[in-house]
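Welcome, and please open the model in your viewer. We will walk through it one selection at a time.

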Amino acid sequence: MIPAEVTEYFQYLSPEYNRINMPSSPTSSLNYLNDLIINNNNYSSSSNSQELMISNNSASDEDHHQSIIILDERKQRRMLSNRESARRSRMRKQRHLDELWSQVIRLRNENNCLIDKLNRVSETQDSVLKENSKLKEEASDLRKLVCELKSNKNNDNSFQKS
């Protein structure tokens, strides 16, 4: 026994525990305890109170033990609840991440489609611009030809009059 245990037992053996000076060393505590046991006849009148203290202490110990069990059960339930909550949170996070990745893939595909469409429109614009330029040249050439024809016709008419 360690000295603290010995001194705890004094309250069970001696109802006058508070009035007694506690021995300071373990050996003197054990000697004092032996003296109390040997001289138990001096305390025979208090044996009922000792039993009452022991039974009260047992009930108190049982209550304390029961409250510890209840607290442990609550702690276990809380731990399980926290684990389940963390699991649900991880699942939500994973689901959100999966949704974001699918959105990234969808947006990349859409972006690629838009780039392809833009390239096709740009190519079409280039070909239209080339064709427009060619048509403008043809129109210019045709105007020149019409002007020449008119001037030739006027010249022919003037030669015929003279």
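Helices (H or I, at least four residues) and strands (E, at least two) are DSSP runs, numbered from the N terminus. With that in hand, the chain reads α-α-α along its sequence, with 3 helices and 0 strands. The model is predicted, so to speak of local features requires pLDDT of at least 70, side-chain atom pairs count only at pLDDT 80 or more, and totals for chains, interfaces and linings use all residues. Residues are numbered from 1 along each chain as its sequence is written, and side-chain values use heavy atoms, with hydrogens and water left out.

**Stop 1: the whole chain**

Accessible areas come from the Shrake-Rupley method with a 1.4 Å probe, and for residues only the protein chains shown count as cover. The chain exposes about 14200 Å², and carbon and sulfur atoms supply 53% of that area. How much of the chain is buried? Of the 162 residues, 7% are buried, where buried means under 20% relative accessible area, exposed over 50%, and partly exposed in between (1.4 Å probe, protein chains only). Now turn to contacts, meaning heavy atoms within 4.5 Å. Among contacts with a separation of 6 or more, 39% are between residues 24 or more positions apart.

**Stop 2: a patch of positive charge**

Select Arg74, Lys75, Arg77 and Arg78, which gather in a positively charged patch on the surface. Patches are made of residues with over 30% relative accessible area and no salt bridge; like charges are joined within 9 Å, nonpolar side chains (Val, Leu, Ile, Met, Phe, Trp, Tyr) within 5 Å. Lys and Arg count as positive and Asp and Glu as negative, while His and the chain ends are not counted. Each charge is placed at NZ of Lys, CZ of Arg, CG of Asp or CD of Glu. Arg74 belongs to helix H3 (residues 47-161), and its relative accessible area of 44% makes Arg74 partly exposed.

**Stop 3: salt bridges**

Side chains of opposite charge can pair when their charged atoms come close. A salt bridge here is a side-chain nitrogen of Lys or Arg within 4 Å of a carboxyl oxygen of Asp or Glu. By this rule there are 3 salt bridges.

Select Arg106 and Glu110 to see one of them, with the closest N and O atoms 3.6 Å apart. Both residues lie in helix H3, 4 residues apart, about one turn of the helix. Arg106 is partly exposed at 44% relative accessibility, and Glu110 is partly exposed at 41%. Elsewhere, salt bridges that share partners join Glu84, Arg87 and Arg88 into one network.

Move to Glu84 next. Which residues does Glu84 pair with? Glu84 meets Arg87 with the closest N and O atoms 2.3 Å apart, and Arg88 at 3.9 Å, N to O. Arg87 sits 3 residues from Glu84 in helix H3, whereas Arg88 is 4 residues from Glu84, about one helical turn. Glu84 is partly exposed at 31% relative accessibility, as are Arg87 at 35% and Arg88 at 41%.

**Stop 4: a nonpolar patch**

Finally, select Leu97, Leu100, Trp101 and Val104, which make a nonpolar surface patch of about 350 Å². Trp101 lies in helix H3.
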